Amino acid sequence: QASRLVELPYSSFDDEDDDDTAEQDSGVWYPDPPKLSPFSHCVRYLAFLWNLLFLLLGLLTLAVGVWGLLAKSPLAGGERGVPLSSDPMLLFVLAGLGASSVSLAGCLGAFRASPCLLRFFLGAVLAFGGLEVLGGLLLLLARRRLRDALRDLLLLCLLRYQEDPDLQFLVDEVQRSLQCCGLESYRDWESNLYFNCSAPGVQACGVPASCCQDPLENGSVPNAQCGFGVLGLGAAAAGAVVHTGGCGAALGAWLRGQAGAIATGATALVLVEAVGALLALKVLRDVSAVRV
């Protein structure tokens, strides 16, 4: 039997009625869109809090780097003796900026359920993890070159000791902690323009106070002049005042002793990144399933 088509005015139906009628006439059942399970909600909140924590840490690192750069800026009354590109505080700025940017993308991606931001976060984490693994392999394969680069870095720190407060603090901490002086021996300070015996200042023929065996006067007051004139003494007389051994060998021995701790820290960092990536991947899959 032929069915009769009855035309009705379009104004008597709205869009929803048309959709419902079409579904009923076609006989096709459309399932309800999937909903996120409680576990998916927990993963989403955990991903947001996880990235929020690292966002705060990245902002803190960025603030420390910016503060260090501004403290040495001529506008703030500081003196910049080294170019900005070789300033150690620039590493804090770059690390904080990168960590905060990636963590912000992860936070917003988990909070707004944005696939674009989640994919960017996953790509950045995978890129950082790949660079870390590649860097570790290069360190293992080029240990000799690494030692030479470390030696050159220490020599540069000795030459720029008075020019940058950050380098000065770093050198003093290394010499004080490892009980060493100079790169190969305390005589390496002769290459510094201020400690050279031909220098006109009061520091001529001296070494920093961090080289002294007893940098405190009377056991309590720091003595900044304990290393003055040491380079003009003999080896035996200088050995009674300062540590004569160099920091190159001492730092190498310390790094070898800390190899286990360094490997543990690197592994923990990779695991932290892996956990963040897995959380973001779970959220991305749930969001994609709901959207489809």
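Author: Happy to! Helices here are DSSP runs of H or I with at least four residues, strands are runs of E with at least two, and both are numbered from the N terminus. Counted that way, the protein has 9 helices and 2 strands, and along the sequence they follow the pattern α-α-α-α-α-α-β-β-α-α-α. Please keep in mind that this is a predicted model, in which local features need pLDDT of at least 70, side-chain atom pairs count only at pLDDT 80 or more, and totals for chains, interfaces and linings use all residues. Residues are numbered from 1 along each chain as its sequence is written, and side-chain values use heavy atoms, with hydrogens and water left out.

Let's begin with the aromatic rings. A pair of aromatic rings is described by the distance of the centres and the angle of the planes. Rings of Phe, Tyr and Trp (its six-membered ring) pair if their centres lie within 6.5 Å; planes under 30 degrees apart count as stacked, over 60 as edge-to-face and the rest as tilted. Searching the whole structure gives 5 aromatic pairs. In one of them, the ring centres of tyrosine 161 and tryptophan 189 are 5.1 Å apart and the planes stand at 80 degrees, so this pair is edge-to-face. Tyrosine 161 sits in the loop between helix 5 (143-159) and helix 6 (165-178), and tryptophan 189 in the loop between helix 6 and strand 1 (216-217), so the pair ties together parts that are 28 residues apart in sequence.

Are these two residues buried or exposed? Buried means under 20% relative accessible area, exposed over 50%, and partly exposed in between, using a 1.4 Å probe and protein chains only. Tyrosine 161 is buried at 6%, and tryptophan 189 is buried at 0% relative accessibility. Tryptophan 189 also pairs with phenylalanine 195: the centres are 5.3 Å apart and the planes at 75 degrees, so this pair is edge-to-face. Tryptophan 189 and phenylalanine 195 are both buried, and Tyr161, Trp189 and Phe195 form one aromatic cluster. For the protein as a whole, buried residues make up 27% of the 292 residues.

The loop between helix 6 and strand 1 also holds glutamine 179. Glutamine 179 has a positive phi of about 55 degrees although it is not a glycine, and it is exposed, with a relative accessible area of 53%.

Now for the helices. Two packed helices are described by the angle between their axes and the distance between the axes. Axes are lines fitted to C-alpha atoms, for helices over the stretch in contact, and angles run from 0 to 180 degrees between N-to-C directions. Helix 2 (residues 38-71) packs with helix 3 (residues 89-112) at about 155 degrees, their axes being 7 Å apart. Angles under 35 degrees count as roughly parallel, over 145 as roughly antiparallel, 65 to 115 as roughly perpendicular and the rest as oblique. Helix 2 and helix 3 are therefore roughly antiparallel to each other. The axes of helix 2 and helix 9 (residues 259-291) come within 9 Å and cross at roughly 140 degrees, which makes helix 2 oblique to helix 9.
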